Amino acid sequence: MPAAVRRDHAEELKELKAAVKDIDRMLSAQSDRLDRQFVADRTWAYSAWRERYLDHPLLGTLARRLLWTVDGTIVGFADGELRTLVDDPVRGGADVRLWHPVGHEPAEIVAWRDWLERHGITQPFKQAHREVYLLTDAERATGTYSNRFAAHILRQHQFNSLAAIRGWRNKLRLMVDDSAPPATRELPQWGLRAEYWIHGEGDGYGDDTTDSGSYLRLATDQVRFYPIDAPENSASCYGGDYRMWLPHGAEPVDSLPIADIPPLVLSEVLRDVDLFVGVASIGNDPTWQDGGPEGRFQEYWTSVGFGELNQSAETRRVLLERLVPRLAIADRCTVEGRFLHVKGERHTYKIHLGSGNILMTPNDRYLCIVPTSGAAAPQTGYLPFEGDRMLAVILSKAVLLADDLSITDPTILSQL
């Protein structure tokens with residue numbers, strides 16, 4: 001900032017900085033709100049949508065980077081106009097919806113990804129690259145619940161914050177003789193309630209709790225769906241079976257068959273849960289390589305930290321296959337299976353695309369690099385969406401390790 005501006009316009013500068021801060025905060029909140037609109041089943045009249053979204057001075061900066069359907073036709077905004085996939089302008093309509101990739105052919109989704117890239121549009125969150133969670137054979141077999149995200153160990157307070165951001169209701173588990181409902185997301189537009197069954201993990205006060213007695217970690221179980229007005233389930237904070245607490249004379253309500261849940265609702269709920277696991281799992285934390293208290297999470301940490309990729313990591317893998325050739329270190333990097341392989345001078349490194357954990361030659365020795373809280377992706381020329389911090393971590397580690405002779409950090413050097 002020029003000294004003359006600071007000296008002569010101090011008050012105006014203060015007001016400007018406050019306005020920028022307010023705008024950033026508002027944009028972040030509105031981006032999160034739009035990201036939750038996929039399950040709202042919302043339709044806007046075209047004229048109202050243009051006024052409130054596309055042409056709005058603030059929300060327009062988000063809306064013009066998203067894909068919409070106008071009377072069933074998918075459109076994006078480029079060169080001052082709403083345009084179809086072949087860039088024909090669309091200048092009017094009746095009804096507008098936020099577009100979701102579920103139910104669309106892969107070739108069509110890829111074509112829209114190419115369209116966004118061709119026009120240099122970075123979406124405010126994943127939409128064209130959004131993960132789609134389809135019903136699996138295992139879920140057809142279990143019938144009324146999904147075990148896809150069971151048996152994970154999550155950091156409770158991080159999970160609780162993420163759940164609130166994504167519109168879930170949750171109660172912190174305390175190491176006391178009490179019960180709590182599962183993490184719950186109500187979906188009134190569909191008449192449904194989604195539940196993620198969780199309970200406190202551990203039995204050592206202090207080792208497994210905060211000083212105030214709340215569990216540090218949670219163990220996860222099933223995802224279920226109920227009619228929105230079904231009585232609430234609850235279970236002991238220590239663990240155990242969930243049971244439905246019934247008003248006098250009421251009959252229990254069974255959870256609904258997974259196959260009967262609308263595909264968009266199923267996909268979005270499971271995507272939320274995948275986010276909870278992908279961010280809050282101790283398996284994604286490089287500092288947990290020793291397995292935590294008494295080493296009891298060692299097997300879990302290894303299975304998550306280097307295991308099969310979840311859906312969000314698969315999306316990351318597909319994206320990296322397109323990004324890596326643009327990097328300055330492209331000649332040292334290849335994407336193979338679950339890993340980004342990076343050839344350094346000291347070793348060859350394998351960065352797991354789900355957790356960001358690293359193995360190095362020889363013998364797949366573990367390399368612990370703890371990213372800083374502000375880790376940013378190196379310049380790639382173009383990124384199709386914002387918000388994937390793990391992608392930034394993986395790319396930053398790749399750039400560091402490709403030039404491993406220049407590493408000066410003593411903690412990292414001691415492991416090489």
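**Figure 1. Arg97 sits in strand E6.** In this predicted model, Arg97 is partly exposed, with a relative accessible area of 35%. Its side chain makes a polar contact of 3.0 Å with the side chain of Asp41. Asp41 is also one of the residues in contact with Arg97 once neighbours within four places in sequence are set aside; the others are Arg42, Thr43, Trp44, Trp68 and Thr69.

**Figure 2. An open sheet of six strands has the order E1-E6-E2-E3-E4-E5.** Pairing in this sheet is antiparallel. Strand E1 (44-45) and E5 are found at the edges with a single partner strand each, so one side of each has no neighbour in the sheet. Further in, strand E2 (residues 68-70) and strand E6 (residues 95-98) are paired in the antiparallel sense over three bridges. Here is a handy pair for finding your way: Trp68 has Leu98 of E6 as its bridge partner. Helix H5 (residues 106-118) lies across E3 and E4, and it runs at about 15° to E3.

**Figure 3. Asp79 and Asp87 both have positive phi values.** For Asp79, phi is near 55°. Asp79 is placed in the loop between strand E3 (73-78) and strand E4 (81-83). With a relative accessible area of 63%, Asp79 is exposed. For Asp87, phi is about 70°, and the residue belongs to the loop between E4 and strand E5 (89-90). Asp87 is partly exposed, its relative accessible area being 23%.

**Figure 4. Strand E10 pairs with E9 and with E11.** Five bridges link strand E9 (residues 183-187) to E10, and the two run antiparallel. E10 and E11 are also antiparallel, paired over eight bridges. Four residues lie between the strands in the hairpin of E9 and E10, where Gly191 takes a positive phi near 70°. How many of the nine residues of E10 are buried? Eight of them are, so E10 is largely enclosed by the rest of the structure.

**Figure 5. Asp208 lies in the loop between strand E10 (192-200) and strand E11 (217-227).** Is Asp208 buried or exposed? Asp208 is buried: its relative accessible area is 3%, which falls under the 20% limit for that class. The side chains of Asp208 and Arg296 are joined by a polar contact of 2.4 Å. Beyond its neighbours within four places in sequence, Asp208 is in contact with several residues, among them Met175, Glu201, Ser214, Tyr215, Pro293 and Arg296.

**Figure 6. Helix H7 (residues 156-165) packs with helix H8 (residues 263-280).** The angle between the helices is about 145°, and their axes are 10 Å apart. The crossing of H7 and H8 is right-handed. On the H7 side, the contact is made by Gln158, Phe159, Leu162 and Ala163, and on the H8 side by Leu275, Phe276, Val279 and Ala280. Sorted by class, the contact of H7 with H8 has seven nonpolar residues, one polar and no charged ones.

**Figure 7. An open sheet of three strands has the order E8-E12-E13.** The strands show antiparallel pairing. Strand E8 (179-180) and strand E13 (243-244) stand at the edges; each has a single partner strand, so one side of each is left without a neighbour in the sheet. Strand E12 (residues 233-236) pairs with E13 in the antiparallel sense over two bridges. To locate this pairing, look for Asn233, whose bridge partner in E13 is Met244.

**Figure 8. The peptide bond from Thr361 to Pro362 is cis.** Omega for this bond is near -5°. Most peptide bonds are trans. Pro362 is found in the loop between strand E17 (358-360) and strand E18 (365-367).

Definitions and conventions. Residues are numbered from 1 along each chain as its sequence is written. This is a predicted model: local features need pLDDT of at least 70, side-chain atom pairs count only at pLDDT 80 or more; totals for chains, interfaces and linings use all residues. Side-chain values use heavy atoms; hydrogens and water are left out. Buried means under 20% relative accessible area, exposed over 50%, partly exposed in between (1.4 Å probe, protein chains only). A polar contact is a pair of N or O atoms within 3.5 Å; within protein, one must be able to donate a hydrogen and the other to accept it, and residues adjacent in sequence count only if both atoms are side-chain atoms. Contact means heavy atoms within 4.5 Å. Two strands pair if DSSP finds at least two bridges between them. Axes are lines fitted to C-alpha atoms, for helices over the stretch in contact, and angles run from 0 to 180 degrees between N-to-C directions. A crossing is left-handed if the near helix is turned anticlockwise from the far one by less than a right angle, and right-handed if clockwise. Ala, Val, Leu, Ile, Met, Phe, Trp, Tyr, Cys and Pro count as nonpolar, Asp, Glu, Lys and Arg as charged, and the others, Gly among them, as polar.
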